[in-house]
Amino acid sequence: MMRLSALQVECVENFNVKNLTSLKIGGAVARCYFPKSVDEFVEVAQNEGEAKIFGNFSNTLVSSDGYDGAVIVTSKMDGIKIDGTKVFAECGVKGPKLSQTVAKQGLSGFEFMIGFPGSVGGNVFMNASAHGQCISDKLVKVVCFSKEKGVFELTKEEMGFDYRTSRCQAESIVILGAEFVLDKKNPDEIQKKMSENLEFRKSHQPSLALPNCGSVFRNPEGNSAGKLLESIGAKEFSQGGVKVWENHANFIVNTQNATSEQVLGLMLKMFDGVKKRYNIELQPEVRYLGNKNENEVRLCGILNVK
Ligand SMILES: Cc1cc2nc3c(=O)[nH]c(=O)nc-3n(C[C@H](O)[C@H](O)[C@H](O)COP(=O)(O)OP(=O)(O)OC[C@H]3O[C@@H](n4cnc5c(N)ncnc54)[C@H](O)[C@@H]3O)c2cc1C
């Protein structure tokens, strides 16, 4: 363990993040920071100019060879403030916890978040959505950080939200927290909706007992990545310790201590199959952290994995 001077931010050197990831794949990160507040975050970000930011690693493939650089994990920035229908959540709050917390207050709008493990920061960055709801629906403003501007705010309109994307992806803006205004509703109705959402997931998506990172590819406009992949027989595809899930062709599951290189190899097979049959280039939803394995960096280039 190493400590920074002024605010004593927790930092672990050569920290293996594998068990933090929903895919249960990954290697050692040279310097991994766990700030507990905005002040701590800013201190680390200023000391570590190139640090990468992660929440719950549920949309990220971490290289089995690790990452030679600094990573800030936001999981300890997990405060929630509720004032009437106004809710402020720090970036590290996990979606399911936020969903349950507001439901108990009779606040509706986050029922969709109950079934997947993203953090508020990751969800805003990705504009996460499910079951007809989206994180940007009830969002009012975001507290952000960038090296150039320090801490600043962006309104919903300034966030450039679109399908699985936000302005933060193009401009390297960090989300420190977000404010929402939710709808008042009967808590029983909210709980019922959340139970239905969880039930739907049981039959349509692999549980985390089968390590995965959610949908691998984005849906092309007016089409379904899962259907395209199923039509080329992807449900039969496997590589080393990973395979395409037998019940939905847009999920890769880690069945036998897989490596990140195997995941990217399998993604290339899926990508090539759809391109050959339909001349459609699927765009990956999953993100990548790594800089030590040349073949992986090459595969990310071909696949356009960011
Ligand atoms: C079983 C399962 C089901 C899923 N179902 C869905 C679903 O229904 N809908 C859906 O949209 N997604 C789904 N996902 C994908 C995933 O949960 C979401 O993409 C989620 O938003 C990722 O959040 P995270 O904190 O885990 O992000 P991470 O994996 O930690 O990071 C993802 C990206 O966000 C960036 N990031 C993270 N935090 C911040 C921050 N504070 N500021 C700036 N950038 C940040 C990272 O740099 C990275 O590029 C599912 C995943 C799993 C494993």
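1. N14 counts as exposed because it has 11 C-beta neighbours inside 10 Å; by the rule used here, a residue is exposed with 12 or fewer other C-beta atoms within 10 Å of its own, buried with 20 or more, and partly exposed in between, the C-beta atoms being placed from the backbone. N14 lies in strand β2 (residues 10-16), and although N14 is not a glycine, its phi is positive, at about 50°. Helices (H or I, at least four residues) and strands (E, at least two) are DSSP runs, numbered from the N terminus.

2. The model is a predicted one, in which local features need pLDDT of at least 70, side-chain atom pairs count only at pLDDT 80 or more, and totals for chains, interfaces and linings use all residues. Residue numbers start from 1 along each chain as its sequence is written.

3. S172 sits in the loop between α4 (167-171) and β14 (174-181), and with 11 C-beta neighbours inside 10 Å it counts as exposed.

4. The domain assignment, which comes from an automatic or database source, divides the chain into domain 1 (2-73), domain 2 (80-204) and domain 3 (225-303). The centres of domain 1 and domain 3, taken over C-alpha atoms, are separated by 26 Å, and 15 residues of domain 1 are in contact with 16 residues of domain 3, contact meaning that the C-beta atoms of two residues, placed from the backbone, lie within 7 Å. On the side of domain 1 that touches domain 3, the elements giving two or more residues are β5 (60-62) and β6 (67-73). The residues of that side divide into five nonpolar, six polar and four charged, where Ala, Val, Leu, Ile, Met, Phe, Trp, Tyr, Cys and Pro count as nonpolar, Asp, Glu, Lys and Arg as charged, and the others, Gly among them, as polar.

5. In β7 (residues 80-83) and β8 (residues 86-90), which run antiparallel, four bridges join the two strands, and K81 has F88 of β8 as its bridge partner. The two strands form a hairpin with two residues between them, and G84 in the turn has a positive phi of about 65°.

6. Which residues of α2 are buried? They are G95, L98, S99, V102 and A103, and seen down the axis of α2 they fall within an arc of 130° (the arc of the directions from the helix axis to the C-beta atoms), so they line one face of the helix. The cover over these buried residues includes β7, β8, β9, α3 (120-126) and α5.

7. Just after α2, G106 takes a positive phi of about 70°, and this glycine is found in the loop between α2 and β9. G106 counts as partly exposed because it has 16 C-beta neighbours inside 10 Å. Leaving aside residues up to four places away in sequence, G106 touches K184, K185, N186 and P187.

8. Helix α5 (residues 187-204) has 18 residues and should span 26 Å at 1.5 Å a residue, which agrees with the 26 Å between its end C-alpha atoms; the expected span is 1.5 Å times one less than the number of residues. The buried residues of α5 are I190, M194 and N197, and because they fall within an arc of 55° seen down the helix axis, they line one face of α5. The face turned away from that buried side carries the exposed residues D188, K192, S195, E199, K202 and S203, while α2 (95-104) and β9 (107-108) are among the elements that cover the buried residues of α5.

9. Strands β16, β17 and β18 form an open sheet in the order β16-β17-β18, with antiparallel pairing, two strands being paired if DSSP finds at least two bridges between them. β16 (238-239) and β18 (252-254) stand at the edges with a single partner strand each, so one side of each is left without a neighbour in the sheet. Three bridges join β17 (residues 242-244) to β18, and K243 has V253 as its bridge partner there.

10. In helix α7 (residues 260-278), the buried residues include L264, M267 and F271, and the buried residues of this helix pack against β5, α6 (225-231), β16, β17, β18 and α8 (294-303). N279 follows α7 with a positive phi, near 55°.
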